[in-house]
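Hi,

Here is the structure I said I would send over.

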Amino acid sequence: MRPARSRRSSSDGPIDLRSDTVTRPTKQMREAMAAAEVDDDVLGRDPTMRELETRVAGLLGTDDALWTPSGSMGNLIALMSHLQRGDAFLAPDGAHVLDAELGTAAWLAGGMPRPLPHDAGPGKVSPDAVRRAAGTAGPYYTLRTTLLCLENTHNAAGGTVTAPDEHAAVAAAARAAGLRVHLDGARLWHAAVALGVPPATLTVGVDTVQVCFSKGLGAPVGSAVAGSTEFVEQARRLRKMLGGGVRQGGVLAAAALVGLDRMDRLAEDHARAKTLAAGLRERGWSATEPETNIVLVPVADLGGALRRFADAGVLASTMAGKVRLMPHADLTDADITAALDRIGPVDPTPTVERMGLAGPGLGRSGSGGSVRRGAGRAPARRGGR
């Protein structure tokens with residue numbers, strides 16, 4: 001019988017570092033899914049799903065929580081609840097609700113997005129910036145700003161973490177300015193583990209929060225959105241409106257409960273990310289120092305770098321114009337070592353210089369890295385051509 005999870009190794013196919021969403025359910029998850037007590041969650045309440053929702057609410061310090069099929073749906077439900085058509089909302093530049101949810105914040109929730117620069121560090125905004133952006137009430141025909149959306153960890157900034165005191169100060173500034181606060185905590189579990197604090201310390205002052213089970217926790221499907229009892233009642237209607245009502249959802253919730261039981265193992269992913277980043281820097285790549293499990297690598301030729309990595313047997317993705325590499329539960333220390341061996345060093349001389357095409361602004365590998373193609377292959381051109 002095929003095992004529930006076969007651990008990847010340096011001699012067994014590609015090493016998949018595209019995301020921590022590529023993990024497969026563990027044997028324990030599959031057994032819990034098979035044995036889950038279930039009922040119709042649309043006609044009533046599925047008992048296993050309800051157990052998960054109650055547990056999540058306790059972890060986050062909220063009155064209640066609601067399972068959703070995805071984090072994007074959880075965020076959208078919160079925005080639909082908070083915004084009236086034509087309201088503006090604030091979010092850190094590059095936030096998932098701005099750049100990775102197909103514009104549903106504007107299209108379906110009716111909100112006008114206003115990105116805020118990271119003036120308090122990567123992925124972070126300051127209380128002063130929130131106060132300035134919130135502004136004051138103007139004539140009836142002016143845009144009203146009513147909501148602040150935060151993200152912890154901030155994906156596009158490289159999984160950066162906002163500490164409890166920083167978060168509380170920003171949330172307090174928003175509330176003092178009359179704004180509601182939603183927290184996209186798709187990777188809030190990572191932030192809590194990295195900081196060594198309970199997740200509830202990172203939700204102080206928010207009205208709603210979304211958390212994900214299918215990223216570092218390794219469950220195959222699902223997120224949750226949490227807040228007051230009244231919010232969750234409304235959210236259940238909105239979830240159904242968006243097609244997110246499920247029947248015997250306990251089959252999926254059971255895997256998420258197992259994932260929550262092993263939350264502490266996220267520290268292993270964080271440690272492997274640091275090892276990976278350090279190894280890349282030793283080989284001449286300009287890898288950022290990760291705070292959690294996301295490693296960003298600036299390169300001169302993004303498409304070429306992805307092809308080079310794939311040719312070497314390392315699967316990567318892109319984020320904020322950089323190569324993104326993410327250790328996860330299906331990988332071991334040996335896989336990280338093997339990935340580094342496969343990627344190898346940056347070419348000491350950029351491809352454009354070897355072709356005699358170097359000019360102003362085309363830096364050497366230490367300032368972003370060039371891409372060395374495999375033997376016998378033509379150098380990759382810019383623009384994916």
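Below is what turned up when I went through it, from the whole chain down to single residues.

One thing to keep in mind from the start: this is a predicted model.

**The whole chain**

The protein chain contains 14 helices and 12 strands. Of its 385 residues, 52% are buried. I also looked at contacts between residues at least 6 apart in sequence, and 73% of those join residues at least 24 apart.

**Two helices side by side**

Now find helix α6, which covers residues 127–134, and helix α7, which covers residues 164–176. A pair of packed helices is described by two things, the angle between the axes and the distance between them. Here the axes come within 8 Å and cross at roughly 20°. Angles under 35 degrees count as roughly parallel, so α6 and α7 are roughly parallel to each other. Their crossing is right-handed.

Which residues of α6 and α7 meet? On the α6 side they are P127, V130 and R131, and on the α7 side A169, V170, A173 and A174. Sorted by type, the residues of this contact come out as 6 nonpolar, 1 charged and no polar.

T48 is in helix α2, which runs over residues 47–60. Is T48 buried or exposed? Its relative accessible area is 7%, and the cut-off for buried is under 20%, so T48 counts as buried.

What does T48 touch, leaving out residues up to four places away in sequence? The list is A36, E37, G250, A253, A254 and L257. Take L257 from that list: T48 and L257 are 209 residues apart in sequence, yet their C-alpha atoms are 8.9 Å apart in space. E37 is worth a click too, as its backbone oxygen lies 2.5 Å from a polar atom of the T48 side chain.

**D16**

Next, go to strand β1, made of residues 15–16, where you will find D16. D16 has a relative accessible area of 5%, so this residue is buried as well. Its side chain has a partner: a polar contact of 2.6 Å joins the side chains of D16 and R18.

**Some backbone details in loops**

- The peptide bond from N152 to T153 is cis, with omega near 0°. T153 sits in the loop between β5 (145–151) and α7, and α7 is one of the two helices in the pair described above.
- L102 has a positive phi of about 55°, although L102 is not a glycine. You will find L102 in the loop between α4 (96–99) and α5 (104–107). With a relative accessible area of 81%, L102 is exposed.
- A320 also has a positive phi without being a glycine, with a value near 50°. This residue lies in the loop between β11 (317–319) and β12 (322–325).

Cheers

Technical notes:
Residues numbered from 1 in each chain as written. Predicted model: local features only at pLDDT ≥ 70, side-chain atom pairs only at ≥ 80, totals over all residues. Heavy atoms only, no water. Axes fitted to C-alpha atoms, helices over the stretch in contact; angles between N-to-C directions. Helix = DSSP H or I, 4+ residues; strand = E, 2+ residues; numbered from the N terminus. Parallel < 35°, antiparallel > 145°, perpendicular 65-115°, else oblique. Left-handed = near helix turned anticlockwise from the far one by under 90°. Contact = heavy atoms within 4.5 Å. Nonpolar A, V, L, I, M, F, W, Y, C, P; charged D, E, K, R; others polar. Buried < 20%, exposed > 50% of the residue type's maximum accessible area, 1.4 Å probe, protein only. Polar contact = N/O pair within 3.5 Å; in protein donor to acceptor, adjacent residues only side chain to side chain.
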